[in-house]
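Hi everyone, thanks for coming. Let me put the structure up, and then we'll walk through it together.

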Amino acid sequence: MPGCAGTETPTGEKMATQSEFSAPPGENSSRVGTLIRSRGDQLLVLIALFAIWQACSLWLGTYWVGSPWGTVVRLTTGVLGGELLSHASFTLAEAVIGFLLGGIPAVILPFLLRRLPIVTAILDPFMVGGYGAPKLALAPLFILWFGIGIESKIALVAITVFFIVYFSTLSGIRALDTKLVQMAQIVGADEKDVARHIVFPGAVPYIFTGFRIAMPYAIGGAVVAELISANRGLGYLIQLGAMNFDTTGVFVALLATGIIVFIGNTAVNVFERRLLRWRPPSDAKNQSGT
Amino acid sequence: MSAQALLEVHDLGKRFASRAGRDSSLWVIRDLSFSVADGEFLTIVGPSGSGKTTLLNMIAQIDVASGGEVRFQSEVAPINDPKSLNPGLSCRIGYVTQEDNLLPWRTMLQNVLFPLVVQGRLNDETRARAEMLIRTVGLAGFENHYPHELSGGMRKRASLIRTLVYDPPVILMDEPFGALDAQTRTVLQEDLLRLWNLGRKTIIFVTHDITEAIALGDRTLVLTRAPARVAGEHKIDLPRPRDIRGILTDPKFIEIYQRIREQVQ
């Protein structure tokens, strides 16, 4: 274990000397090491999954399980031809717009309700109900209301994202350290300073946990809404493939969905890491490890 | 003394409501009175659980009193009504708490500058003062470190100068060095005395360590067990500047130590 000798210093010695700061570089290099190792392990899992997939397709026949090679070829030609790309970007647009329309109010609302505990309490059962309600069941209703175009999909994504982010933001505000607030008030902070410098930065990790959980749901929600009724998008491709007994086509759309979720998750991670530089590495790891 | 007192505490009391079913409620502090002169370094010792933190919380206006009053420059602080509490009495009472309470999302420098930012007083002059304080306590070079990247002693120093940076007339300190090892504690005590010599602030310093109380203070109050009252008052007429390490063998120190020791139960 290279670099671990360095990390022992800060906990073992409390003296304020320069020596204890030899730790971070060593820690960093060991973190890079584990990163490379975990990337390698992930690659192994990916290869294993492809092997199982290949075995299934050989065993059951490509009629039931599209072969990995055929899927990858179709994916590549679909992307290069632009057709798959246009369907995927349609789904992505629904997910992103819905994410913003649902996510932004879900972050703002708990802050507005912070000073109104009674209103929060009154709203609580309704919010819990909305959180628990199966969003899939809402899809037909939204199609009825907003038509089979992009609007109904955006609505479904927005409502799914809203409840997830609302509850995680709320728990971030509830986890507020009152000692920090008292400290700020003593040094002269008013209500606005407390909200801006204490409550909001303290809630940011919780908001990001909400974003991280909501992100796959946003893409999944868009695909599900398309499955029910649409003439574009990855969900439409899945539906079309299934109707034509084109299992490879279904697999292509599923793989594309998975890739989009992966990219979305990476984007959330990068954004989060930039915003939450202040957190101890172990904390950040616990969060992103989920 | 009371004619030029900067801060006065009169018959201060704090009662915590008892659990349902009992009539008697628990007084933590009762009829506590003392005063602090401008520029005085007052230390308060008392057994643990004697309401020392509660006392400072009330003076700092973050906790209500159940009786009595606190006066700052003869002005009565609104301490009996939770709604009218004025934490820090408009930036005139600074408070260094037991925990450092640094904001984890701000770097050390940003934490030190925080009071100036919220008071709208951040300018070249105050920034230079912050930098001077950072150098004085040996934190230079760690300005851009986040609190979790600093040692316990460094965090303590940062929280200390965060209060000094906006120069409140009175500073309360609640066992600020309690959680540190003996070596770091001595270094920080020396730092504190050096900083105090620069500005001669009025300080009320609470501790359970008699040695620390004598080494730092001009005067030491001894509190009784709860309900806390003043059990004794001791003038510490040891010459300044003091040598924290050498003072322990001074016969005068030993004599004061024994006097206080008898009063602390």
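So, contacts in chain A: of those between residues at least 6 apart in sequence, 68% join residues at least 24 apart. Contact here means that the C-beta atoms, placed from the backbone, lie within 7 Å. Keep in mind that this is a predicted model, where local features need pLDDT of at least 70, side-chain atom pairs count only at pLDDT 80 or more, and totals for chains, interfaces and linings use all residues. Residues are numbered from 1 along each chain as its sequence is written, while chains are lettered from A and ligands numbered from 1 in the order in which they are written.

What is chain A built from? It has 13 helices and 0 strands. Those words stand for DSSP runs numbered from the N terminus: H or I of at least four residues for helices, E of at least two for strands.

Now over to chain B, which has an open sheet of 6 strands with mixed pairing, in the order β6-β7-β8-β3-β9-β10. Two strands pair if DSSP finds at least two bridges between them. Which strands stand at the edges? They're β6 (93-96) and β10 (230-235) of chain B, each with a single partner strand, so one side of each has no neighbour in the sheet.

Take β9 (residues 219-223) of chain B: this strand and β10(B) pair in the antiparallel sense over 5 bridges. One detail to look for is B:Val222, whose bridge partner in β10(B) is B:Gly232.

Finally, where the chains meet, the contact takes 28 residues from chain B and 20 residues from chain A.

Methods
Two residues are in contact if their C-beta atoms, placed from the backbone, lie within 7 Å.
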